[in-house]
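Dear colleague,

I am handing over the structure below, and after it I set out what was found. Please read the notes alongside the coordinates.

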Amino acid sequence: MRSEMLTSILNDLNGTSAEIEASAVISTDGLVIDALLPAGMDEDRVGAMSAAMLSLGERTSQELARGELEQVLVKGKNGYILMTHANQESVLTVVAKTNARLGLIFLDVKRAADAIGKIL
C-alpha cells in the first residue's frame, strides 16, 4: 500500500512537467525506497549520490551558519538535480532538463515532498 502511494506521488510529480526526467525517494543513508528513473540510470548510484550530496549540503549549511538545509540544487550542462527532505529519514531527488522552469519545479517538488513525508 505504501509503495503504491509513493509510486502514485512520483507519477504525478513526473507528469506535472515534461521537464522532469526522473524522481526518486531515498533514505538518508542512500537506500532507494521508490523511484521512477529512465533506463540506464542506476538506482543504487542515484541513491548513494543523493545521500552524499545531502550530507555535504547539511554540513555546509551548518558550518556557514545558513540554518537548516532546505534543498540542494546541482546544475550541470545537461540539466538539474534537486534534492529536498521529505522527512528526517528520506529525501526526494528530482532530475530535470536544462530548460526547466525551476520556480514551478520547486513548487511541485515541495508539494510532493510534503505528501511523501506524511506517508513515510
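**Annotation and basis of the model**

According to the UniProt record, an unreviewed entry, the annotation "domain: Roadblock/LAMTOR2" covers residues 6–96; UniProt positions are given in the numbering used here, feature names are shortened, and annotations may be inferred rather than shown by experiment. This is a predicted model, in which local features need pLDDT of at least 70 and side-chain atom pairs count only at pLDDT 80 or more, while totals for chains, interfaces and linings use all residues. Residues are numbered from 1 along each chain as its sequence is written, and side-chain values use heavy atoms, with hydrogens and water left out.

The span of residues 6–96 is 35% helix and 38% strand, and its end C-alpha atoms lie 19 Å apart (helices, H or I of at least four residues, and strands, E of at least two, are DSSP runs numbered from the N terminus).

Leaving out residues up to four places away in sequence, I116 touches L6, I9, L10, V25, A86 and L92 (contact means heavy atoms within 4.5 Å).

**Helix 1**

The buried residues of helix 1 are L6, I9, L10, L13 and N14, where buried means under 20% relative accessible area, exposed over 50% and partly exposed in between (1.4 Å probe, protein chains only). Because they cover an arc of only 130° around the axis, they lie on the same side of helix 1; the arc is that of the directions from the helix axis to the C-beta atoms. These buried residues pack against strand 1, strand 2 (32–36), strand 5 and helix 3, whereas the face turned away from the buried side carries the exposed residues E4, D12 and G15.

**E19**

E19, in the loop between helix 1 and strand 1, counts as buried because its relative accessibility is 11%. Apart from neighbours within four places in sequence, E19 is in contact with V95, A96, K97, N99, A100, R101 and I105.

Best regards
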